[in-house]
Amino acid sequence: MKNNRWVILTASTIINFCITIIYAWSVFSGPLMELFGWSAAATALVYTIANAVGPIPMIAGGKILNRFGPRKTVICCAFLFGGGLFLSGFAKSVSWLYITYGVCCGVGMAVIYICTISNTIRFFPDKKGLASGILTAGAGMSSIVAAPVAQMLIDSRDVLFTFKSFGLVYFVIIIICAVFLEKAPEVCESDGTATGIRREYTTLEMLKTPVFYLLICIYALGACGGLMVISQTSNMAQEMVNVSAQTAAIGVSLVALGNTIGRILWGTVSDRFGRYNILPIIFILMAVFLFIFSGSSDGQWFRFVLSLIMIGIAFGGLLSIFPAVTAEIWGSANSGSNYGLMFFGYALGSFVGPRIAVSFRDAGAAPYSAGLIIATCLCAAGALLCIILRNRMSACNARS
């Protein structure tokens, strides 16, 4: 198992790389608005749906994973995800994309993601943060590669052809990688010593713990700020600092690069210094650089890029730390379903953040600045909640 777990981690990371193509939505949204004349709000709703539908399939996916194992589950959902992306290439109305890209890709991604995350982390009881960081880094790297490739395909052909191409290629890759997946046993051995936790909580039992509601609020606040930027990076670059679509695509890749670095960095650091000590730092960094980012204007590409990368680095930490925190507090046995419920916080942030940004933009306010100031305040509030969480968990550990 000690050797096989790294193969499983690698295959799972590649799968996560494929399914998170949907986070490169800002590259697709501009060409779709130009092609069909849709509003920014209507187009952004596609991305919002893709994120918002995740929690319920994740909860179900955790139970399906426990029954059928990761290989069968991922292969079945590859048809849903790859098919949804391919069918997006036949869009003639935004409502079609709500179904194909939003619902089909969103549900497929959610179930696959919970399988790769919760199953693989069980193989690494000694390195939860590192494993979670690598897995989520694979997801973060998707936009680094996908954004410029998608932009080249859009420029040479069109956005609909790009959807079809990515749908077919990623479907094949996911199926091949799924063959290498194995179901984690109830107890893993990392160094010859069986490791476990004090108690395994069911999802209903988790709901009865006050710390769950504190954590889900923290997750929502962080996701709101991070996804406001990530979902609109290309449009923000073109409207705030007045660069071309090609240059804006570089911005999408850079925030994804920062996101990827942050996932491995914070996951590893949190293994050493503790999740609850790291979370306040992440939120403070997000608040500071969201404020700096909000002041970017025509010609300030360096300021825009620097703050963009730092926002990505900070936000990446949330996605690597929260799966590990969920498994540590409530156990690994039901971590798939438990993290699926925790993901409601992320989904709420994915709905609120982008909607705030495009609402101010469509209302004619200064391009995105007002929405970014709101995101700054939300992340500052998140930092305060993280300090409360740290103090609460320290008190609980002292009593136990």
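The legends below describe close-up views of a predicted model. Residues are numbered from 1 along each chain as its sequence is written, and side-chain values use heavy atoms, with hydrogens and water left out. Because the model is predicted, local features need pLDDT of at least 70 and side-chain atom pairs count only at pLDDT 80 or more, while totals for chains, interfaces and linings use all residues.

**View 1. F163 in the largest nonpolar core.**
The largest nonpolar core has 126 residues. A nonpolar core is a set of buried Ala, Val, Leu, Ile, Met, Phe, Trp, Tyr and Cys residues joined through side-chain atoms within 4.5 Å. Buried means under 20% relative accessible area, exposed over 50%, and partly exposed in between, with a 1.4 Å probe and protein chains only. The residues with the most contacts inside this core are I21, F28, Y101 and F163. Contact means heavy atoms within 4.5 Å. Residues up to four places away in sequence aside, F163 touches W25, F28, L32, L85, F86, S88, G89, L97 and Y101.

Helices (H or I, at least four residues) are DSSP runs, numbered from the N terminus. Helix α2 covers residues 25-36. The expected span of a helix is 1.5 Å times one less than its number of residues. For the twelve residues of α2 this gives 16 Å, which agrees with the 16 Å between its end C-alpha atoms. Its buried residues are W25, S26, V27, F28, S29, P31, L32 and M33. G37 follows α2 and has a positive phi, near 75 degrees.

**View 2. Helix α6 and its bend at C105.**
Helix α6 (residues 94-121) has 28 residues. From its first C-alpha to its last it reaches 37 Å, close to the 40 Å expected at 1.5 Å a residue. The helix bends by about 25 degrees at C105, where the bend is the angle between axes fitted to the seven residues ending there and the seven starting there. Of its 28 residues, 22 are buried, so α6 is largely enclosed by the rest of the structure.

Y113 lies in helix α6 and counts as buried at 6% relative accessibility. Leaving aside neighbours within four places in sequence, Y113 is in contact with N16, I19, M58, T136, A139, L319 and Y339. S118 also lies in α6 and, at 4% relative accessibility, counts as buried. With neighbours within four places again set aside, S118 contacts L65, S335 and G336. S118 and A327 are 209 residues apart along the chain, yet their C-alpha atoms are separated by 8.3 Å.

**View 3. Helix α14, with a bend at I321.**
The 30 residues of helix α14 (residues 301-330) should span 44 Å at 1.5 Å a residue, and its end C-alpha atoms are 44 Å apart, which agrees. At I321 the helix bends by about 30 degrees, and a proline, P323, follows within four residues. Since 23 of the 30 residues are buried, α14 is largely enclosed by the rest of the structure. Just after the helix, G331 takes a positive phi of about 95 degrees.

**View 4. S270 in helix α12.**
S270 is in helix α12 (residues 245-273). Its relative accessibility is 2%, so S270 counts as buried. Beyond residues up to four places away in sequence, S270 touches G129, R275, I278 and I321. I321 is the residue at which α14 bends.

**View 5. The loop between α11 and α12.**
N242 is in the loop between α11 (233-240) and α12. N242 is not a glycine, but its phi is positive, about 60 degrees. Most residues other than glycine have a negative phi. At 53% relative accessibility, N242 counts as exposed. V243 lies in this loop too, but counts as buried at 19% relative accessibility. Not counting residues up to four places away in sequence, V243 touches A237, Q238, A248 and W301.

Definitions and conventions:
Helices (H or I, at least four residues) and strands (E, at least two) are DSSP runs, numbered from the N terminus.
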